[in-house]
Amino acid sequence: MDAAVCILSLIDCCALIFLAVYFIITLSDLECDYINARACCSKLNKWVIPEMVCQCLSTVLMLVSTHWFIFLLNLPVAAWDIYRYVMVPVGNMGVFDPTEIHNRGQLKSHMKEAMIKLGYHLLCFFIYLYSMILALIND
Amino acid sequence: MSAPVNGYGQTPAPNGGASAPRQTGPVQTYTTTYPAVGYYGAPPQQRNNPTIPSHCMGMSSKAPVTNSGHHVNNYYQNHYHVAPTSSAPPPQRHAAAVPSSAPPPSAHYAQFQQQHPPYATPRAYYGQMAYHASPAQSQQQQPTLLPAPPSGPGAPLYPIISYPSAPGTSQYGTLVSNQTATTPRTIQYSNLQPGSTTTAAMHPGYNVAPSTQMASAVNGQGSTTHQHYDHQASYGGTANGERPPSGTPTTSVHSSPSHHQGTQFGYVANSGTISASGPTAAPSSSSSEDDEDDDEEEEDEEAGGDTSSSTTGSASPAPNSYDSLEEGNYPDSMPPSANMTNQASPYGSYGYPTMQPAYGGGPTPLTDTQASRDLLGPSGYQQYPQPFPSLSQLSAALGGLSGVPELEVEALRPVNLLQERNLLPSKPLQAPEPNLSSELKKVNCSPQTFRCTLTSIPQTQALLNKARLPLGLLLHPFRDLEQLPVITSNTIVRCRYCRTYINPFVTFLDQRRWKCNLCYRVNDVPDEFMYNPVTRSYGEPHKRPEVQNATVEFIASSDYMLRPPQPAVYLFMLDVSHNAVESGYLKYFCESLMENLDKLPGDSRTKVGFLTFDSKVHFYNLQEGLSQPQMLVVTDIDDVFIPSHDSLMVSWKESKELIKDLLTSLPAMFTQSRETHSALGPALQAAFKLMSPTGGRVSVFQTQLPTLGAGLLQSREDPSQRASAKAVQHLGPATDFYKKFALDCSGQQIGVDLFLLSSQYADLASLACVSKYSAGSIFYYPSFHHIHNPAQLEKFQKDLERYLSRKMGFEAVMRIRCTKGLSIHTFHGNFFVRSTDLLSLANVNPDSAFAVQMSIDDSLVDSSLACFQAALLYTSSKGKRRIRVHTLCLPVVNQLSDVYAGADVQAITCLLANMAIDRSVSSSLSDARDALMNAAVDFVSAYKSNVSNLQHSGLVVPAAMRLLPLYILSLLKQRAFRTGMSTRLDERVFAMCEFKTQPLQQLMRMVHPDLYRLDNVSDQGTLHLNDRLVPQPPLLHLSAERLSRDGAFLMDCGSVFYLWVGKCCNEMFIRDVLEYPNYASIPTNMSCIPELKTLLSERVRAFLDWLQDNRAFSCILHVIKDDTSANATFFQHLVEDRPESGSSYCEFLQYIQQQVS
């Protein structure tokens, strides 16, 4: 059971890592002018909800499997994702709005956020890996 | 540019439209001989180009308007009485053609009642009118031209280009229309069955308009064209004689120091001319991908640049081959050198007509001036002994060290605001001059085009933070210019690395290499660039026009095109719901469009279309050959479709009669309408489908909240909260529909302009998005009603006149480049930011401005100069791809005091306002107000702690910034930011939109109006403008204590003038200026000043005209009597006084002082 949860979290985490990398690549494409803001934002907005769901999933999994430490580690990130999604003004086209992404350093802050998330997910990845191995050995 | 009308004959658009008629074929020869003389003869002072246009407008709005109004009446009386008013649309559910006028409702595709014969007369009348108008216009528009008759009409604003009557753009087909053959088409329509289904009803639509007719046929009006032309030419000639240029030569970018006015005035241009067939070659080679413009557009730009470096080798200058060039430039077949000779034409002289004799020498003097401006060293042409700095001298001067210390000292003089009460200068504030060497100052970009909040750029971000002032640029890139060097060149020289266009601030290391001033990398000078067409000499790259002017325009080659340049396409979307009919705008719109139809900028490919909507969407088939317009109705608003693909957007020339038919009958067609709903969203979608193949301009006239279909909105305003000081809600859009739509439009090069004429809340915050992101403009007429609100009606008419006739640029992109180390972090204005420094502008118009905020990423220690370059690539209404490049150069400083000395208080105010608007939308209005107040407090404390070494107890600021607290207080009392006073949400949002798009001058007048006393204007300080004497009354502070009951005061609020007449105003003024015997007899709604022959009246009118001269939209004058209710509107502009809620200027200063200490 424990092992299964860990394996699931691991897969989930991999997906999140890929997403973070995808975000970084797309944003830096925008930064370098390889892609226009409209295309970039519509690409990224598509993945905001999946990212949120994945993050919540791993949080819930940790809660269910009573890994309290990892749950607490996950919780703020999940909360941030939800907060970010909920706080989008009605007139905007999503978390990433093509008309505003170049204003007020939004691009940079999105980039920073994606970087931090990438680091965090990598950290999580190893934690999950460790707990998975631990769980498998215990079994 | 502006509209060639009916074969270039008739009245050109006011804004530089002057050139249009003169650019026709025959002119070329003139231009060659008498180059841009007239053009460059423009008095330098008037770099604020609107002067002439607006003047012109002023005129035309008086005389011709009344004329035509009269004419229209006749028209109605004589011919229109036939047109029935009952138009009740039959109740079909599906798309069906509905009789647009009288006949029994069952008859579909019924015809308009008018028959051709009645039209004959009006047409003739129009013709005449055009003739009458043209002399007046040409007089107005060519005041800067020299008397030499041919050169008058022959030297256009942009002298290089000549637009042949059948432009060479072959793609768009010079098909001569053979549509006359298909005239009897209407018969088919009458056969339609009333109950036909959607598809069935559509078929006729398709059938009628054979696809072959889609191509815009080109006029066959050659002969008339010439007649018109001649007509105008002769008028132009006389006009020149009579009307010398207005404006004084205060400064000039071009004038070299060694020249004095009255002596020879430099650069008479040679050439001119050309390129009749230039574009022929160009478009053909370009690919026509409609999608993905985004990235490729830029690639185009890149590609264009690449050629510049690659084609260089083949050039073998042959200066004398000049004459052979007039045929045009064929980029491939012609020797590059040949093309180069063409480039010079824009170079004119700055002379006055009165100095004309000095021009006798033709091109000869040009070399002199050129030589005298040699940046690199002596040249063989140098006749003037004045030594010009050699390279080393120049670079020494670059550091801004040779500035004007006195000015700086004055700018830094500490001013104690609590003690000094007279802060205003006697004349409207000018932009501060950057502290540069006189050489650079001379060539620098005009502050009206390009302005920086800090004319001395701080070296590091830390220094900028310390100064507590925002760093940013205010741009007005497509401003109407009076003089603009236009360069036709095979190779547009650009930096190989950063793509910067070559500009006056680059450094020539030697003859063959130049160093980019933005990225500091070294480039080769292409061979072609070695030849200087102005002096017709070789080896003087530093004297080329590109290097002599901070503002130049290039005719771009096909490398800069993604598709053949689009034609000018205009779609008018009119709200015809009950509410709209009630407001009565339709009639005035139709009248105005009818008058200005010929002034619409465009060429023979120009297309026009109409679309009306209430709960349904109505299209109009105007295909040439029909006997009258046909209305096609689409009722299925959930899935709008286009009933006929090729007959809805029609050539403006071929279907002119039909268009006029439609415009005449349109106002009456919907008078019976009981439809209260408005399906704006679906109508917009339909417009998008109509326009997406070409791009162009959509003008939306909306009178109420959209209530049906996609994009429907709910009322969000709570009227009881209008005056609330609490948070103002709903400043942002309610839905993303309009934003998405605007982005789609932007992608297809469609610009949407919004006219909101609403008496009730219409959620402008949401609707405005449609224009904001598609680079359109927004006009708002609160409580518009044609009878009850004559002031709004007048404004609407004047705005429309300017709107319809102003110059247009299509499918534009603008890139703002800046010196390495600086970067843009926020953009303000109507456009879509496509990448970090690229703005996508589907349409660009001469009245909108932009602002950007900058940050300093890397220290600028290594550089003494910072440069900014804005390059606007656009398609002119004549189908030419053009690049307008502005370059601004500013010194970099490392002392805080220098930063303050160079601060531009007006630009800072505007930028702060833009930032505050962003803040109020993203956060809240009270936050924005706090931020504005904090900006003032922070600045004062920063100055106190860092610079001021004097132990003043008061509130001390440097003289350059002494007006900042006042301006910030004014901002806080603007509609956009005020609290406590009842402000409608729409008006507040509109005020915010204005802040984002109005050019600085206009904005400052709105924020802090200019107040003058008029009843005692004297000759003191009179400005002499040619034949005009303009009195210059001093500026007064905006406080009631400056008013007196025995005076008359003029307040200039940017778009409106208030003439306040005191109770005891001396009777002489009332009699001599207002033409009333005494105060009591002045009517309360007086809105014009009679033309009297008295001295006082002439002075006042000269002053008003002068004020009006340099703005695009003409102002409305309100005469306000002291004791009337209108008084309140006047007094609310007196920002220094204490309003009902808020603080007076003194209180505000005390508040700042408290906060600081």
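Four bridges link strand E29 (residues 1010–1013) of chain B with strand E33 (residues 1048–1052) of chain B, and the two run antiparallel. One of these pairings can be named: Arg1013(B) has Phe1049(B) in E33(B) as its bridge partner. The model is predicted.

Both strands belong to an open sheet of five strands in chain B. The order is E32-E29-E33-E34-E35, with mixed pairing. Strand E32 (1035–1036) and strand E35 (1116–1121) of chain B form the edges. Each of these edge strands pairs on one side only.

## Strand E14 and its partners

Now turn to another strand of chain B, E14 (607–613). Which strands does E14(B) pair with? Strand E13 (residues 569–575) of chain B pairs with E14(B) in the parallel sense, over seven bridges. In this pairing, Tyr570(B) stands opposite Val608(B).

Strand E17 (residues 650–651) of chain B runs antiparallel to E14(B), and two bridges join them. Here Lys607(B) stands opposite Ser651(B). Strand E15 (residues 617–621) of chain B is also antiparallel to E14(B), with three bridges between them. Phe613(B) faces Val617(B) across that pairing, standing opposite it. A hairpin through three residues connects E14(B) to E15(B).

## How covered is E14?

E14(B) is mostly covered, with seven of its seven residues buried. Both faces are covered. On one side sit Lys607(B), Gly609(B), Leu611(B) and Phe613(B), all buried.

Where does Thr606(B) lie? Thr606(B) is in the loop between helix H21 (585–596) and strand E14 (607–613) of chain B. Is Thr606(B) buried or exposed? Thr606(B) counts as buried because its relative accessible area is 0%, while the cut-off for buried is under 20%.

What does Thr606(B) touch, leaving aside its neighbours within four places in sequence? Thr606(B) is in contact with Ala568(B), Tyr570(B), Pro601(B), Val650(B), Ser651(B) and Trp652(B). Two of these names have come up already. Tyr570(B) stands opposite Val608(B) in E14(B), and Ser651(B) in E17(B) stands opposite Lys607(B).

The size of an interface is often given as the accessible area lost when the parts come together. For chain B and chain A, about 1,800 Å² is buried between them. Carbon and sulfur atoms carry 48% of that area. In chain B, Lys739(B), Phe832(B) and Thr836(B) lose the most area to chain A. Together they give 24% of what that side buries. By contacts, 21 residues of chain B touch 21 residues of chain A.

## Charged and polar links across the interface

How many salt bridges does the rule find across the interface of chain B and chain A? The rule finds four. One salt bridge is between Arg104(A) and Asp918(B), with the closest N and O atoms 3.0 Å apart. Eleven residue pairs are in polar contact across the interface.

Several elements of chain B give two or more residues to the side that touches chain A. They are helix H11 (293–310), helix H24 (737–747), strand E22 (822–828) and strand E23 (832–835). By class, that side of chain B has nine charged, seven nonpolar and five polar residues.

Technical notes. Residues are numbered from 1 along each chain as its sequence is written. Chains are lettered from A and ligands numbered from 1 in the order in which they are written. This is a predicted model: local features need pLDDT of at least 70, side-chain atom pairs count only at pLDDT 80 or more; totals for chains, interfaces and linings use all residues. Side-chain values use heavy atoms; hydrogens and water are left out. Contact means heavy atoms within 4.5 Å. Buried area is the accessible area (1.4 Å probe) that two parts lose on being put together, summed over both. A salt bridge is a side-chain nitrogen of Lys or Arg within 4 Å of a carboxyl oxygen of Asp or Glu. A polar contact is a pair of N or O atoms within 3.5 Å; within protein, one must be able to donate a hydrogen and the other to accept it, and residues adjacent in sequence count only if both atoms are side-chain atoms. Ala, Val, Leu, Ile, Met, Phe, Trp, Tyr, Cys and Pro count as nonpolar, Asp, Glu, Lys and Arg as charged, and the others, Gly among them, as polar. Buried means under 20% relative accessible area, exposed over 50%, partly exposed in between (1.4 Å probe, protein chains only). Two strands pair if DSSP finds at least two bridges between them.
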